Amino acid sequence: MLSMTYEYKAIPTPEQVQMIEQTLTVCRKVWNFALRERKDWYASRKCQVNACSITSEYIIPADVKYPNYYEQSASLTRAKSEFPELKTVNAQVLQQVLRKLETAFLDIGRKGMGFPRFKNKYRMRSFVYPQLGKSQFLQGNKIKLPQLGWLEYVKSREIPDGFTVKQALIVRKASGYFVMLTLECDVNVPDVIPDGHPVGIDLGLDKFVATSDGEVIDRPRFLSSLHRQLKLLQRRLKHKQKGSNNRHKLNRKIARLHQHISDTRKDWHFKLAHKLCDIAGTIFVEDIDFRVWAKAMFSKHTLDAGFGQFLNILKFVCWKRGVYFDKVDKNYTSQVCPQCDTHTGKKELKDRVHFCPECGYTTHRDVAAAQIVRNRGLSGVGRILDNKENACGDGLTGTGNSLVKSLRSRKKSYEASLKSAS
Ligand SMILES: [Zn+2]
């Protein structure tokens with residue numbers, strides 16, 4: 001099963017805008033109520049039997065079950081007779097809110113995410129129609145949605161052949177309303193095999209990307225100038241009275257600029273990913289957890305650069321273009337010589353050049369790191385570099401059993417060695 005999301009700018013009529021806002025309000029109320037219910041249940045189970053806690057606890061009888069998704073969606077159905085407002089919104093949309101809350105609670109344990117928050121009107125920005133039914137709901141540049149009716153949108157690209165629209169998500173952004181369509185196609189896509197020109201990539205802060213081919217790509221200049229603009233606007237904020245109309249206007253301006261920055265950055269990431277796929281048949285990157293990075297010393301700049309987003313985009317573009325993509329062990333990439341595998345010791349941040357006293361290999365520091373990444377990746381998938389001077393079999397940098405992780409990659413390496421033998 002293949003699934004993708006296409007985003008279109010919606011052109012709602014004033015009535016539809018009102019309807020969308022109304023839906024968001026009801027969704028928000030449902031979310032906040034359901035979250036309160038869960039929090040109360042937890043609090044009432046935390047309190048000791050023989051002592052009361054300092055904060056007062058709403059006492060819930062011991063036999064009341066934990067309000068999970070099924071409990072809550074049943075009580076939502078019951079609540080509809082009492083609160084007619086709930087009936088104004090599509091039932092599945094509201095159920096989806098509860099499902100999202102359930103996922104949010106599960107993700108605390110699964111992914112280490114934070115505790116879900118109560119939402120004010122600025123935080124509740126989207127809702128989803130999980131099913132669009134069998135009837136004809138797409139026509140020209142319009143989509144028929146429950147309650148909203150025919151919603152017009154800017155058809156910036158066609159839905160590809162063979163795909164069916166499964167879900168529609170309505171999102172409010174600073175620059176207006178958007179509709180995101182989840183497309184699905186019932187095909188099996190074969191796994192990409194590591195083939196073609198291999199490229200290792202090193203990500204960094206003073207330059208964005210260095211490739212093992214010696215190319216160094218800087219961070220885009222326009223982002224820093226946009227950030228300067230943002231700073232300017234934010235500084236003006238303190239002169240505006242809280243709750244005033246002018247402050248509201250300025251906040252909207254800031255929100256639009258934020259969106260412009262994130263759109264521009266995303267666009268640049270996509271272009272860069274395609275550029276890399278143009279030259280490479282196989283791409284390796286370091287396996288870095290950027291959340292840890294961001295928490296450490298580089299906080300703002302790391303988040304600015306959006307490395308995590310770039311890697312996700314790169315992975316997707318690679319998959320789309322049939323380029324093999326893999327992550328490799330990140331340790332000591334800057335401390336080993338890519339030519340002869342000698343440990344050259346730790347480099348300071350100011351050392352911009354890699355020089356190996358053993359073999360005399362000299363190159364840009366980040367390029368050397370990228371070459372290590374490439375060599376590790378190749379030995380991980382069992383391929384040997386075609387380049388004569390680097391091809392020395394077992395001597396490849398970072399050759400280690402830990403890199404040959406799964407059975408699948410071992411199988412691949414077996415196949416690759418057969419290929420190179422024949
Ligand atoms: Zn060397």
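Predicted model: local features only at pLDDT ≥ 70, side-chain atom pairs only at ≥ 80, totals over all residues.
Start with H1 and H3. Helix H1 covers residues 14-46 and helix H3 covers residues 91-110, and the two pack with their axes 9 Å apart. The angle between them is about 40 degrees. Angles under 35 degrees count as roughly parallel and 65 to 115 as roughly perpendicular, so H1 ends up oblique to H3. As for handedness, the crossing of H1 and H3 is right-handed. On the H1 side, the residues that do the meeting are Thr-23, Cys-27, Val-30, Trp-31, Ala-34, Leu-35 and Arg-38. Facing them from H3 are Val-93, Leu-94, Val-97, Leu-98, Leu-101 and Phe-105. Sorted by class, the residues where H1 meets H3 come out as eleven nonpolar, one polar and one charged.

Now for H4 and H5. Helix H4 takes in residues 221-236, helix H5 takes in residues 245-279, and their axes come within 10 Å. Here the crossing angle is roughly 165 degrees. Since angles over 145 degrees count as roughly antiparallel, H4 is therefore roughly antiparallel to H5. The crossing of H4 and H5 is left-handed. H4 brings Phe-222, Leu-223, Leu-226, Gln-229, Leu-230, Leu-233, Gln-234 and Arg-236 to the contact. H5 answers with Leu-250, Lys-253, Ile-254, Leu-257, His-260, Ile-261, Thr-264 and Arg-265. The class tally for the contact of H4 with H5 is nine nonpolar, four polar and three charged residues.

Definitions and conventions. Residues numbered from 1 in each chain as written. Axes fitted to C-alpha atoms, helices over the stretch in contact; angles between N-to-C directions. Helix = DSSP H or I, 4+ residues; strand = E, 2+ residues; numbered from the N terminus. Left-handed = near helix turned anticlockwise from the far one by under 90°. Contact = placed C-beta atoms within 7 Å. Nonpolar A, V, L, I, M, F, W, Y, C, P; charged D, E, K, R; others polar.
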